[in-house]
Amino acid sequence: MSVNQPRSPEVYLNLNVRGMGNSATLAINEHSKRLQSEGRQVYRLGLGQSPFPVPGHVRDSLAHNAHQKDYLAVKGLPALREAVVDWVRRTEGLDYAPDNVLVGPGTKELMFLVQLVYYGDLVIPSPSWVSYAPQARIIGRHIHWLRTRPETGLGVEPDALEELCARDPERPRLLILNSPSNPTGLSYSAEQLQALAEVLRKYRVLALSDEIYSGTHYTDGHVSLARYYPEGTIISNGLSKWCGAGGWRLGFFVFPESLSWLADAMAAVASETFTSTSAPIQYAAVSALEDRPEMTSYLQRSRRILAELAGHAHRTLTGAGAVMSPAAGGFYLFPRFEAHRDRLTVRGIDNGRTFCERLLEETGVAVLPGDCFGRPGRELSLRLAIVDFDGEKALTKAADGPVDEAFVKRHCDRVTTAIERMADWAGQ
Ligand SMILES: Cc1ncc(COP(=O)(O)O)c(C=O)c1O
């Protein structure tokens, strides 16, 4: 190499970041693209994006607000914070002050901020959504994965939490509880939340209730942890999932008065980082939270389609010997194929990643292995997202008649075909 050739500064990466990669998701995406470029059909059950369009009245509101160009208050547009508070009162029966709402560019960013600002260990169940643990790692927090059991849907259990907290009762901790869950579809019942609240209260654990899929709960039965542990719970929600607007990047946290110090500290950091969330999007978000018949109809139809599709997937895969809990909300199922281990081992498949790579190569079905969600690499588990269909068309058709098995086979056929292919392939 010539001495005069310019070289970049030495690679002194933050050691918490060094070696990090979005490896499994990227690998599956690249593999999918290669197959598509070879003319193969790929069923996209990997990415967790809403199949449905943003409701028309919310899109109209965005168009009308395209001229909004000013920086807004760090905590968010006052009218939006009022709308959030009204919405939480309507959906959960809980009262909050608009000053204790923090709007951000997606809840993911707010989750990073809360982990940065609050000093404590991160406590999450195995499996959990992909980004909680990497965020803790970047910031340098300890991560504690709670043991879970298939019998209870792989969710947080009071005993596991008690056992952890009793070991060092004064230690500050942040529990993230996601309901309905990505990746399992689990939704916690009022009784389960009550039992968890007792332990959280006993050890004064900070709880982040990630409710981003609340509006997709199949029977509209979502219940917030904040009902049972109001003094220590932050509610996290936004437009990404139930409003189909992931790319709009709008999320919010709602704090009780007892945690206003945390809201203020996060707002201080927000003011030095993202300043405020996109103005037109915040104006449009007000209309997404209003109590309107168009929104009710949109949510009802989306839930019926997702429920029927999740039911179909559950029946088909269970029939083929996979083990999983039925989903109660959201876009996901988390099947495990341990009963197939011997036969799969003969085919050279003895871990989750190989399972997913071979499934993609041999059937065109793209899913994510369980280890992306904190499960052991050896486990034959995976997450599938039942979202590869034309949501706009399905929503329109759902207004005309019943949403049953025949409906999903007709209007969500890429998903139903993919599930059938997966079931046949695993059972070979
Ligand atoms: C469980 C869960 N929480 C939070 C998020 C982040 O959502 P957003 O940053 O779009 O608000 C997602 C997105 O995939 C998710 O699945």
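Modeller: The shell around the ligand is made up of five nonpolar, five polar and four charged residues. In this division Ala, Val, Leu, Ile, Met, Phe, Trp, Tyr, Cys and Pro count as nonpolar, Asp, Glu, Lys and Arg as charged, and the others, Gly among them, as polar. The model is a predicted one: local features need pLDDT of at least 70, side-chain atom pairs count only at pLDDT 80 or more, and totals for chains, interfaces and linings use all residues. Residues are numbered from 1 along each chain as its sequence is written, and side-chain values use heavy atoms, with hydrogens and water left out.

In total, 14 residues surround the ligand, and the closest are Thr107, Asp210, Tyr213, Ser240 and Arg249. Helices here are DSSP runs of H or I with at least four residues, strands are runs of E with at least two, and both are numbered from the N terminus.

The side chain of threonine 107 has an N or O atom 2.7 Å from an oxygen atom of the ligand. Tyrosine 213 places a polar side-chain atom 2.7 Å from an oxygen atom of the ligand. Of the 400 Å² of accessible area that the ligand has on its own, the protein covers 92%; the areas come from the Shrake-Rupley method with a 1.4 Å probe, and for residues only the protein chains shown count as cover.

Proline 402 sits in the loop between α13 (391-398) and α14 (405-411). With 62% relative accessibility it counts as exposed, where exposed means over 50% relative accessible area, buried under 20%, and partly exposed in between (1.4 Å probe, protein chains only).

Next, helix α12. It runs over residues 352-363, has 12 residues and reaches 16 Å from its first C-alpha to its last, close to the 16 Å expected at 1.5 Å a residue; the expected span is 1.5 Å times one less than the number of residues. Its buried residues are Gly352, Phe355, Cys356, Leu359, Leu360 and Thr363. Seen down the axis of α12, these fall within an arc of 125°, so they line one face of the helix; the arc is that of the directions from the helix axis to the C-beta atoms. An α-helix has 3.6 residues a turn, so residues three or four places apart point the same way. At the start of α12, a side-chain oxygen of asparagine 351 comes within 3.1 Å of the backbone nitrogen of arginine 353. Just after the helix, glycine 364 has a positive phi of about 80°.

Most residues other than glycine have a negative phi, and most peptide bonds are trans. Leucine 154, not a glycine, has a positive phi of about 60°. It lies in the loop between β4 (143-146) and α6 (158-167) and counts as buried at 6% relative accessibility. Threonine 275 has a positive phi near 70°; its loop joins α8 (260-272) and α9 (279-289), and the residue is partly exposed, with a relative accessible area of 31%.

The bond from serine 126 to proline 127 is cis, with omega near 15°, and proline 127 belongs to the loop between β3 (121-125) and α5 (132-139). The bond from serine 179 to proline 180 is cis with omega near -10°, and proline 180 is in the loop between β5 (173-178) and α7 (190-203).

Terms used. Polar contact = N/O pair within 3.5 Å; in protein donor to acceptor, adjacent residues only side chain to side chain. Near = heavy atom within 4 Å.
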